[in-house]
Amino acid sequence: MIGAKIGGATEGSKVDRRFALMFLVMLTIAAGNTALQSVLPALGRSLGVADSAVAAAFSVSALLWVIAAPFWANRSDRHGRRAMILLGVGGFSVSLALCGVFLMAGINAWIGGTAAFLCFIGGRLIYGTFGAAAPPAVQALVAGETTREERTKALTLLASAFGLGTILGPAIAPYLILGSIGGVEIGLAGPAFLFAVFGVAVWITVRRMLPDDKIVAAHETHGASSAYPSIGGAPTGASVAAATGSHVEHVGYTDPRIRAWMIAGLVMGHAQAMTGQAIGFLVIDRLHLAPALALEPTGIVLMMGAGAALLAQWGIIPRLNLTPRQLVLTGLVLAAVGTALTGIATSLYTIATAYALASLGFGFTRPGFTAGSSLAVGANAQGSVAGKVTSINGASFVLGPSIGVGLYEAQHSLPYLVAGAACVVMIAYAWVALRDAKEG
């Protein structure tokens with residue numbers, strides 16, 4: 001596909017191999033992060049750490065990602081794609097390795113559970129700061145090796161790696177739990193160590209396969225910031241639009257054309273992040289499971305949720321002829337019902353199906369928010385608006401997880417009932433405030 005613009009078959013195959021490697025980079029970063037997210041509730045409980053501390057670890061990481069991503073996107077234009085990809089994958093690998101060491105220290109009681117998690121948060125700072133360097137550089141590299149006709153399709157396929165990672169991470173995490181090695185218990189820290197090893201392998205492969213491009217003075221193509229890879233954070237195409245759209249006109253968050261869409265996106269994103277971060281704790285408590293026994297059922301619930309979101313975006317929406325406003329309204333209704341049912345579910349089946357219904361709804365709202373914001377402005381503002389959409393999607397995972405788990409600590413159903421109520425309020429708001437471009 002990518003090699004189409006290159007005449008020689010040999011050169012084309014090299015480009016295709018590089019694309020496969022770039023896809024693997026994006027997949028690894030997303031899968032490693034969500035795998036760790038899926039085991040953290042059980043780890044926190046086993047170490048006796050407050051649930052809110054677990055959520056804070058990812059909130060801090062997401063905050064740094066949102067801040068650092070635009071910086072690294074600009075830096076890759078000046079210092080080369082390869083260097084930024086290596087920095088991002090290296091930061092990912094070092095962060096997971098350190099997190100594994102700190103968690104292992106807590107598991108073996110070398111340090112207290114609270115101290116282990118404070119050190120773990122320090123390790124997550126590395127991921128949030130440096131992990132964000134890879135996606136925009138990967139995007140820019142692929143864009144530079146495609147024609148204009150191929151570019152959007154290639155970048156969309158590349159972005160789908162994040163969505164696949166949200167399924168694969170929780171799916172394989174239970175299989176990465178290790179026993180004792182040399183008398184040292186690894187246990188629930190296993191996914192962190194094994195994904196760190198995999199990250200190192202990817203880093204070595206990137207270093208060997210990609211030519212050094214740091215001497216290139218100017219680039220015709222640019223990467224864009226990607227939203228924080230998190231459970232439920234399926235791609236919407238905003239980062240692709242930000243990378244390919246025009247930035248001639250700058251549009252602010254409060255611009256009357258997109259203000260209502262920004263408000264809707266922020267509220268819907270927080271509702272999704274709140275419910276996703278608390279689901280691991282809900283599985284443990286509702287099913288009355290020991291932390292180590294909760295990994296498989298938690299993985300099943302998360303896989304069903306991520307699969308439902310991707311089903312909406314890849315399977316259902318392309319076959320419907322809904323406007324962005326209709327997508328948002330439909331998604332909000334499904335999400336409101338799904339989150340409320342999740343809050344009162346008491347078995348694995350009911351939790352999984354209710355969470356999947358909620359995720360299906362959010363799978364409608366995110367593309368609706370993205371498309372509605374894009375259609376509200378002209379061609380010259382597409383890049384600017386897409387950047388705003390990406391930042392809104394990422395910002396939702398900064399405070400959303402901590403809010404959700406804080407509500408959960410007060411009452412187990414609360415984050416889901418609050419999210420459901422927020423969706424109901426947003427239905428009324430969207431009905432009045434959102435307008436498709438063709439409606440005027």
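**Surface and overall make-up**

I began with the accessible surface of the chain, which comes to about 16700 Å², and of this 67% belongs to carbon and sulfur atoms; such areas come from the Shrake-Rupley method with a 1.4 Å probe, and for residues only the protein chains shown count as cover. I noted that this is a predicted model, in which local features need pLDDT of at least 70 and side-chain atom pairs count only at pLDDT 80 or more, while totals for chains, interfaces and linings use all residues. Residues are numbered from 1 along each chain as its sequence is written, and side-chain values use heavy atoms, with hydrogens and water left out.

I then looked up the elements and found 14 helices and two strands in the chain, where helices (H or I, at least four residues) and strands (E, at least two) are DSSP runs numbered from the N terminus. Of the 440 residues in the chain, 57% are buried; buried means under 20% relative accessible area, exposed over 50%, and partly exposed in between, with a 1.4 Å probe and protein chains only. I also looked at contacts (heavy atoms within 4.5 Å), and among those between residues at least 6 apart in sequence, 84% join residues at least 24 apart.

**Helix 14**

I turned to helix 14, residues 414-433, whose 20 residues reach 27 Å from the first C-alpha to the last, close to the 28 Å expected at 1.5 Å a residue; the expected span is 1.5 Å times one less than the number of residues. Its buried residues are Pro415, Tyr416, Ala419, Gly420, Cys423, Met426 and Ala430. They lie on the same side of helix 14 because they cover an arc of only 130 degrees around the axis, the arc being that of the directions from the helix axis to the C-beta atoms. On the other side of helix 14, I found Val425 and Val432 exposed. The buried residues of helix 14 pack against helix 9 (259-286), helix 11 (324-344), helix 12 (348-375) and helix 13.

**Ser396 in helix 13**

Which residues does Ser396 contact, leaving aside its neighbours within four places in sequence? I found Gly265, Leu266, Gly269, His270, Ala273 and Pro401. Ser396 is placed in helix 13, residues 382-410, and counts as buried because its relative accessible area is 1%. A polar atom of the Ser396 side chain lies 3.0 Å from the backbone oxygen of Ile392.

I read helix 12 as mostly covered, with 20 of its 28 residues buried, and it reaches 41 Å from its first C-alpha to its last, close to the 40 Å expected at 1.5 Å a residue.

**Strands and positive phi**

Strand 1 (residues 178-181) and strand 2 (residues 184-187) run antiparallel and are joined by three bridges; two strands pair if DSSP finds at least two bridges between them. Ile181 stands opposite Val184, and in this hairpin, with two residues between the strands, Gly182 takes a positive phi near 65 degrees.

Most residues other than glycine have a negative phi.

Technical notes. A polar contact is a pair of N or O atoms within 3.5 Å; within protein, one must be able to donate a hydrogen and the other to accept it, and residues adjacent in sequence count only if both atoms are side-chain atoms.
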